[in-house]
Amino acid sequence: MEGSGGGGASPSAPVKQYLHDFSKLFQYYLDKSTPHSTYRWIGTFVIASIYVLRVVYVQGFYIVSYGLGIYLLNLLIGFLSPLVDPELDPSDSPLLPTKGSDEFKPFIRRLPEFKFWSTMEAIYLLRRVMEQYRMAQQDLHLIFIDLEKAYDRVPREILWKALDKKGVRVAYIRAIQDMYDRVSTSVRTQGGESDDFPITIGLHQGSTLSLYLFTLILDVLTEQIQEIAPRCMLFADDIVLLGESREELNERLETWRRALETHGFRLSRSKSEYMECKFNKRMRVSNSEVKIGDHIIPQVTRFKYLGSVIQDDGEIEGDVNHRIQAGWMKWRKASGVLCDAKVPIKLKGKFYRTAVRPAILYGTECWTVKSQHENKVGVTEMRMLRWMCGKTRQDKIRNEAIRERVGVAPIVEKMVENRLRYSFTKALCIAFVMTFFSLFDVPVFWPILLCYWFVLFVLTMRRQVAHMIKYKYIPFNLGKQKYSGNKSSARSSSSRAD
């Protein structure tokens, strides 16, 4: 039996497992490096130096270096370019305000600065789709599906079949079966404990393996009806379906209901919610309702998806307020340490960076931030830091002095994770590995490639600078005026200093 099971496994299964383990390990260390921006940049330049030394040492692989230079030039242009080209945008208004009375319109890069991790990927995809539909002025319909007692309804027979279909080794399947063999439990009440009774369905609660098993089962049961993200997004038992009309959403919802409920699962009629994003200014009345069976799904204007608040208008005000509230909740739990005068101030700052600030920064990588959001989050952080130091605004101590005393950088600078640096580092690593294979060492006269790349860089940057001047946008925050309605710039800057 073991031999037949091993023969049924895919030959590429060990390679996939190795790549999966490597990606998890890489993601782990990547997440640990997130708070250390300076060291990440130092590491990037170290990798670049090693690659340059490698090319100089072997005196070859100039084609690889040329391809790397073209890719990095493309990254730079994407970093400097707006998401929507004004030359192709049908609207007559500029992307950015040209005077203080104009409405604030943030600069959105074609290549985003942020790099999302784990749940951030799903949140980012959802917000990006909503932003694209809003730009196209097209309505978007979403339904957030919740499964009733998802882990308790998993049939064991389907679990074994799913493991076998995914090519899991028989030895591992037997080990998991032993974990679920002859499992029993009892119920403790005020009158005592009940007799033991067997459990023949569901996954173990609290087990780290249960999340993986449930994801595997859901993937097997819905592999025939899944669509490419972001039309369909799955994260554990959180399912999001997108459509352009209620009728389309109803058809897909019914397909998912049949696929899941025929195998023992049940879609929650009370917790599943429907959201309609009316980005089209033309009024369109639909008489149909979004239903699961005969039950009408309630329509909402806000929904908390993976800890991030999604609004039907595509804005982020609700999520900003939610993050601030989450930060204050963490602050209250840690106030015994943060407000203790006996604790060193530097230790308080380190504790704040570890326990409180991550609660505020969760999901901010996916925001299109305006100045009002930056000010709101910045003011919240300064209140916390002043409280930690036992100071108030009446003490007339500048924000910079407080931050230096605590050792905390401005939270606004931490709200963006630089994707340009990430892509740059990844490209360097790939190019460095390629230098160990003679297949890529194509003989070429390298000065010609260098001159051609330099001419291409000059011509490309010349067009990019002309484009920036013509449409009056600057892709950097350094030295940029922040508009705040009718308030004068001097008053605005003084208020930020406070």
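**Notebook: one chain, looked up piece by piece**

I began with the surface: the accessible surface of the chain comes to about 29,600 Å², and 58% of that belongs to carbon and sulfur atoms. These areas come from the Shrake-Rupley method with a 1.4 Å probe, and for residues only the protein chains shown count as cover.

I noted that this is a predicted model, where local features need pLDDT of at least 70, side-chain atom pairs count only at pLDDT 80 or more, and totals for chains, interfaces and linings use all residues. Residues are numbered from 1 along each chain as its sequence is written, and side-chain values use heavy atoms, with hydrogens and water left out.

**Whole chain**

I found 17 helices and twelve strands. Both are DSSP runs numbered from the N terminus: helices are H or I with at least four residues, strands are E with at least two. Of the 498 residues, 39% count as buried (under 20% relative accessible area; exposed is over 50%, partly exposed in between; 1.4 Å probe, protein chains only).

Which side chains of β11 are buried? I looked along residues 302–305: Phe-303 and Tyr-305 point to one face and are buried.

Next I checked the partner strand. β11 pairs with β12 (residues 308–311) in the antiparallel sense, over four bridges. Two strands pair if DSSP finds at least two bridges between them. Arg-302 has Gln-311 of β12 as its bridge partner. Two residues lie between the strands of this hairpin, and Leu-306 takes a positive phi near 55° there.

**Asp-319**

I then moved to Asp-319, in helix α10 (residues 317–333). Is Asp-319 buried or exposed? Asp-319 is buried, with a relative accessible area of 0%. Leaving out residues up to four places away in sequence, Asp-319 touches Arg-127, Gly-307, Ser-308, Val-309, Gln-311 and Trp-367. Contact means heavy atoms within 4.5 Å. The C-alpha atoms of Asp-319 and Gly-307 are 9.0 Å apart, and the two residues are twelve apart along the chain.

**Helices α6 and α8**

Last, I looked at α6 (residues 156–165) and α8 (residues 208–221), which pack at an angle of about 80° with axes 9 Å apart. The contact includes Ile-158 and Leu-159 of α6, and Leu-213 and Leu-216 of α8. Axes are lines fitted to C-alpha atoms, for helices over the stretch in contact, and angles run from 0 to 180 degrees between N-to-C directions.
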